[in-house]
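Here are my notes on the model you sent over.

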Amino acid sequence: MKVLAIIPARGGSKRISKKNIKLFLNKPVIAYAIKLAINSNLFDEVMVSTDSYEIANVALKYGAKVPFMRSNKTSSDYATTFDVIDEVITQYSLLNVEFDKACCIYPCTPLLRVETLLSSYKKLID
């Protein structure tokens, strides 16, 4: 079974500019979500969906993949998380890459723990 972690990280934050890459305890906040997903060993691939090359570079530095950039449609203020996930799955499909399950992890969750992620995944499977 192939499992994908999707970390949606739009570049156009309105309230806190560049919030996904702001430093928190000397690391970009998105780095925590990336490392958590990788260290959980739940995922075959950890990817960041973004419209920002700056965020993409940070994501790559911390071990995530950015196989394509997010479209203008899913980068708007009105795009939903479902829109982003749907686009990611569709884009992978166009690359002939399929996953059995996908998990969305928000980028601004530096206090999320592996145990919580594992418990949530178990509930999904059950």
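1. Which side chain does R10 meet in a salt bridge? R10 pairs with D77, at 3.0 Å from N to O. A salt bridge here is a side-chain nitrogen of Lys or Arg within 4 Å of a carboxyl oxygen of Asp or Glu. The pair joins distant parts of the chain: R10 sits in the loop between β1 and β2, D77 in the loop between α2 (53-61) and α3, and 67 residues separate them. Both partners count as partly exposed, R10 at 22% relative accessibility and D77 at 45%. For that label, buried means under 20% relative accessible area, exposed means over 50%, and partly exposed is in between (1.4 Å probe, protein chains only).

2. A word on where this comes from. The model is predicted, so local features need pLDDT of at least 70 and side-chain atom pairs count only at pLDDT 80 or more, while totals for chains, interfaces and linings use all residues. Numbering starts from 1 along each chain as its sequence is written, and side-chain values use heavy atoms, with hydrogens and water left out. Helices (H or I, at least four residues) and strands (E, at least two) are DSSP runs, numbered from the N terminus.

3. Back to the charges. Side chains of opposite charge can pair when their charged atoms come close. The whole structure has 5 salt bridges. One of them joins K65 and E45, with the closest N and O atoms 4.0 Å apart. K65 is in the loop between α2 and α3 and E45 is in strand β4, so this pair ties together parts that are 20 residues apart in sequence.

4. What surrounds E45? Residues up to four places away in sequence aside, E45 touches V3, L4, A5, K65, P67, Y92 and F99, where contact means heavy atoms within 4.5 Å. E45 belongs to strand β4, which covers residues 45-49.

5. One more pair to click on is D126 with K122, whose side chains meet at 2.8 Å, N to O. Here D126 is exposed at 68% relative accessibility, and K122 is exposed too, at 52%.

6. Now the inside. In soluble globular proteins, nonpolar side chains tend to be buried together. The largest nonpolar core has 26 residues, and I7, I30, I34, F43, V48 and I105 touch the most other members. Such a core is a set of buried Ala, Val, Leu, Ile, Met, Phe, Trp, Tyr and Cys residues joined through side-chain atoms within 4.5 Å. β1, α1 (29-40), β4, α2 and α4 (114-125) each supply at least two of its residues, and α1 gives the largest share, with 6. A second, separate core of 8 residues includes L4, I6, V84 and F99.

7. Leaving out neighbours within four places in sequence, I30 is in contact with I7, A9, N20, I21, V48, I55, V58 and P107.

8. How much space lies in the largest pocket? About 450 Å³. Which residues lie nearest the centre of that pocket? They are P8, R10, S13, K19 and N20, out of a lining of 21 residues. By class, the lining has 8 nonpolar, 7 polar and 6 charged residues. A pocket, on a 1 Å grid over the protein atoms alone, is an open set of points where a 1.4 Å probe fits, with protein on both sides within 12 Å along at least five of seven lines; lining residues have an atom within 4 Å of a point.

9. P8, from that pocket lining, is in strand β1 and is buried, at 12% relative accessible area. Beyond four places in sequence, P8 contacts S49, R70, V84, C104, I105, Y106 and P107.

10. Finally, two backbone spots to check. K18 has a positive phi, near 55°, without being a glycine; K18 is in the loop between β1 (3-8) and β2 (23-24) and is partly exposed at 43%. N96, also not a glycine, has a positive phi of about 60°. N96 lies in the loop between α3 (81-94) and β5 (101-104), and is exposed at 72%.

Note on methods: Grid points are joined across faces, edges and corners, and a volume is the space filled by probe spheres set on the points. Ala, Val, Leu, Ile, Met, Phe, Trp, Tyr, Cys and Pro count as nonpolar, Asp, Glu, Lys and Arg as charged, and the others, Gly among them, as polar.
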